[in-house]
Amino acid sequence: MELADLQNIKDTVDKLVEKYETADPWILCERLNIIVLISDLPIGVNGFYQLIKGRQIIHISRWVSNTQMKLVCAHELAHAILHRNQNICHRVGNAKMEKEAEYFKHYLLRLEVNEVSKWSREDISNFTHLSEDMIILDF
């Protein structure tokens with residue numbers, strides 16, 4: 001992938017996060033009206049993106065962990081944003097599209113971590129319902 005491609009993906013993610021005020025892939029899918037289905041997919045298939053009659057759909061395997069689901073969601077969201085009109089059959093074996101989706105995913109999730117790292121002890125307490133004295137800020 002060329003440096004210009006990486007910069008375009010970074011700019012796309014930055015604009016998306018700025019517009020929707022979140023880097024959480026689940027929330028972004030909701031705000032973008034992308035349907036996310038947790039499905040019984042074959043072993044080895046963690047997820048895929050599909051466009052059917054103008055509706056964007058992300059399928060995620062129910063067999064992966066919650067953490068993995070978020071990674072898959074971010075990766076497939078990348079396909080929904082960067083490769084909107086491409087269906088799964090057109091992407092099989094397309095290493096460039098897969099690398100673009102991986103870069104998008106990693107950059108998006110890095111921004112999400114940065115978002116949380118700016119939270120105060122009070123913010124974390126409100127979000128987690130833990131008392132402030134139980135929260136140790138270590139980042």
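Residues 24 or more positions apart account for 49% of the contacts in this chain with a separation of 6 or more, where contact means heavy atoms within 4.5 Å. The structure is a predicted model, in which local features need pLDDT of at least 70, side-chain atom pairs count only at pLDDT 80 or more, and totals for chains, interfaces and linings use all residues. Residues are numbered from 1 along each chain as its sequence is written, and side-chain values use heavy atoms, with hydrogens and water left out.

**Overall architecture**

The chain contains six helices and three strands. These elements are DSSP runs numbered from the N terminus, with helices (H or I) of at least four residues and strands (E) of at least two. Along the sequence they follow the pattern α-α-β-β-β-α-α-α-α. Of the 139 residues, 36% count as buried; the term buried stands for under 20% relative accessible area, exposed for over 50%, and partly exposed for values in between, with a 1.4 Å probe and protein chains only. The accessible surface of the chain comes to about 8,700 Å², and 54% of this area belongs to carbon and sulfur atoms. Such areas come from the Shrake-Rupley method with a 1.4 Å probe, and for residues only the protein chains shown count as cover.

**The sheet**

An open sheet is formed by three strands in the order β1-β3-β2, with mixed pairing. Because β1 (35–39) and β2 (47–52) stand at the edges with a single partner strand each, one side of each is left without a neighbour in the sheet. Neighbouring strands of this sheet are turned by 25° against each other on average, direction ignored. Axes are lines fitted to C-alpha atoms, for helices over the stretch in contact, and angles run from 0 to 180 degrees between N-to-C directions.

Two strands pair if DSSP finds at least two bridges between them. β1 and β3 pair in the parallel sense over five bridges, and Ile38 stands opposite Ile60 in β3. β2 and β3 (residues 55–61) run antiparallel and are joined by six bridges. In this second pairing, Gln50 has Ile57 of β3 as its bridge partner, while Phe48 stands opposite His59 in β3. β2 and β3 also form a hairpin with two residues between them, and Lys53 in the turn has a positive phi of about 50°. Strand β3 is mostly covered, since six of its seven residues are buried.

**Helix α3 against the sheet**

Helix α3 packs on the sheet and touches β1, β2 and β3; the direction of α3 makes about 155° with that of β3. This helix (residues 66–82) has 17 residues and reaches 24 Å from its first C-alpha to its last, close to the 24 Å expected at 1.5 Å a residue. The expected span is 1.5 Å times one less than the number of residues. Among the buried residues of α3 are Met69, Val72, Cys73, His75, Glu76 and Leu77.

A search of the whole structure finds one aromatic pair. The rings of Tyr103 and Tyr107 have their centres 6.4 Å apart and their planes at 10°, so the pair is stacked. An α-helix has 3.6 residues a turn, so residues three or four places apart point the same way.

Lys105 also lies in helix α5. Leaving aside neighbours within four places in sequence, Lys105 is in contact with Leu71, Ala74 and His75.

**Arg31 and the accessibility values**

Arg31 is found in helix α2 (residues 25–31). Not counting residues up to four places away in sequence, Arg31 touches Tyr20 and Thr22. The C-alpha atoms of Arg31 and Tyr20 are separated by 7.5 Å, with the two residues eleven apart along the chain.

The table lists relative accessibility for individual residues.

| Residue | Relative accessibility | Class |
|---|---|---|
| Tyr103 | 26% | partly exposed |
| Tyr107 | 7% | buried |
| Lys105 | 9% | buried |
| Arg31 | 43% | partly exposed |

Note on methods
Rings of Phe, Tyr and Trp (its six-membered ring) pair if their centres lie within 6.5 Å; planes under 30 degrees apart count as stacked, over 60 as edge-to-face and the rest as tilted.
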